[in-house]
Amino acid sequence: MFQSDLGRTDTVLAALERKRPDVAAHSRRVAAYSVRLAVQFGLGDEVIETIRLGALLHDVGKMLTPSRILDKPGRPNAREWQELKAHPELGREICYRSGFDTDVCAIVLHHHERCDGSGYPDRLKHPAIPYPVRIVAVMDTFDALTSSRDYRERLSVDAARTLIARSAGSKYCPWVVSGLLALPVEMLQPVAGHARESADHPEGPVILPVAALADFHRQAAGSLAASLC
């Protein structure tokens, strides 16, 4: 099954690389960051692999987003924004048809959901957002903030973490944000190459200042729909 997932992932990522190399590079960085954070939380290997696959594939739906929107200088207008917001559902359909399991598909579909229900496509609130989704959502935002856009300069690691921390408990799961704040800066630098890194990092474990971390682990061992916020 693991080898099958690798083959499917490589096939889908190759298509994304041809169509949108910038999105593919972003996805690899998000996957690496998400895995590093999941490792520090002490999550199991199977869950970490689900997070890695979901992060690698989270923006695959942008292959079907019109280039006139993705390549437009500046921010999209209201109509373009509605088209752009369809990419999680398009990505979920691609992943479902490619044979990925429901947990990976859930990350792809829900990575723009927010704890207060302000996200999309389903406006889920924190009890309904799976914890692997919350990890990818935070690291997706972190990479977006620390990457250059034509309408703004990239933020530093500290500035991006500060901005995300302001929305902890509203947009983002506070436990996940706590983990992000605790990661050494060296583990939050841009990642080159394919994000197929081992769960054993040379940096070693980090003591995360996360309240009730035992509850995080206990719920993480159960359903992927466990409520953490």
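# Briefing: Arginine Contacts, Covered Helices and Ring Pairs

Arg 154 is situated in the loop that runs between α8 (131-145) and α9 (157-165). Helices here are DSSP runs of H or I with at least four residues, strands are E runs of at least two, and both are numbered from the N terminus. The model is predicted, so local features need pLDDT of at least 70 and side-chain atom pairs count only at pLDDT 80 or more, whereas totals for chains, interfaces and linings use all residues. Residues are numbered from 1 along each chain as its sequence is written, and side-chain values use heavy atoms, with hydrogens and water left out.

- When neighbours within four places in sequence are left aside, Arg 154 is in contact with Leu 145, Thr 146, Ser 147 and Ser 148, contact being heavy atoms within 4.5 Å.
- The backbone oxygen of Thr 146 is reached by the side chain of Arg 154 at 2.9 Å.
- Between the C-alpha atoms of Arg 154 and Asp 143, which are eleven residues apart along the chain, the separation is 9.4 Å.

**Arg 161 in helix α9**

- Arg 161 belongs to helix α9 and, at a relative accessible area of 9%, is buried.
- The side chain of Arg 161 reaches two backbone oxygens: that of Leu 183 at 2.7 Å and that of Leu 180 at 3.0 Å.
- Apart from neighbours within four places in sequence, Arg 161 is in contact with Phe 142, Leu 180, Leu 181, Leu 183, Val 185 and Leu 188.

- Helix α7, residues 102-110, is mostly covered, with seven of its nine residues buried. These are Val 104, Cys 105, Ala 106, Ile 107, Val 108, Leu 109 and His 110.
- The cover over the buried residues of α7 includes α3 (45-57), α6 (87-97) and α8.

**Aromatic pairs**

- The structure has two aromatic pairs. Rings of Phe, Tyr and Trp (its six-membered ring) pair if their centres lie within 6.5 Å; planes under 30 degrees apart count as stacked, over 60 as edge-to-face and the rest as tilted.
- Tyr 33 and Phe 142 form an edge-to-face pair, at 5.4 Å centre to centre and 85° between the planes. Tyr 33 is in helix α2 (residues 21-40) and Phe 142 in helix α8, so this pair ties together parts 109 residues apart in sequence. Both Tyr 33 and Phe 142 are buried.
- Trp 81 and Tyr 120 have ring centres 6.0 Å apart and planes at 80°, and the pair is therefore edge-to-face. This pair links distant parts of the chain, with Trp 81 in helix α5 (residues 78-84) and Tyr 120 in the loop between α7 and α8, 39 residues apart. Trp 81 is partly exposed at 35% relative accessible area, whereas Tyr 120 is buried at 11%.

**Charges over rings**

- The charged end of Arg 8 sits over the ring of Phe 100, 5.3 Å from the ring centre; the criterion is NZ of Lys or CZ of Arg within 6 Å of the ring centre and within 35 degrees of the ring normal.
- Arg 92 lies over the face of Tyr 96, with 4.9 Å to the ring centre.

- The peptide bond from Tyr 120 to Pro 121 is cis, with omega near 10°, and Pro 121 lies in the loop between α7 and α8.
- Arg 123, also found in the loop between α7 and α8, has a positive phi, near 50°, in a residue other than glycine. Arg 123 counts as exposed at 55% relative accessibility.

**Cysteines**

- The structure holds zero disulfides, a disulfide being a pair of cysteine sulfur atoms within 2.5 Å. For Cys 95, which is in no disulfide, the nearest cysteine sulfur is that of Cys 105, 5.4 Å away.
- Cys 95 counts as buried at 0% relative accessibility, and Cys 173 counts as buried at 2%.

Notes: A polar contact is a pair of N or O atoms within 3.5 Å; within protein, one must be able to donate a hydrogen and the other to accept it, and residues adjacent in sequence count only if both atoms are side-chain atoms. Buried means under 20% relative accessible area, exposed over 50%, partly exposed in between (1.4 Å probe, protein chains only).
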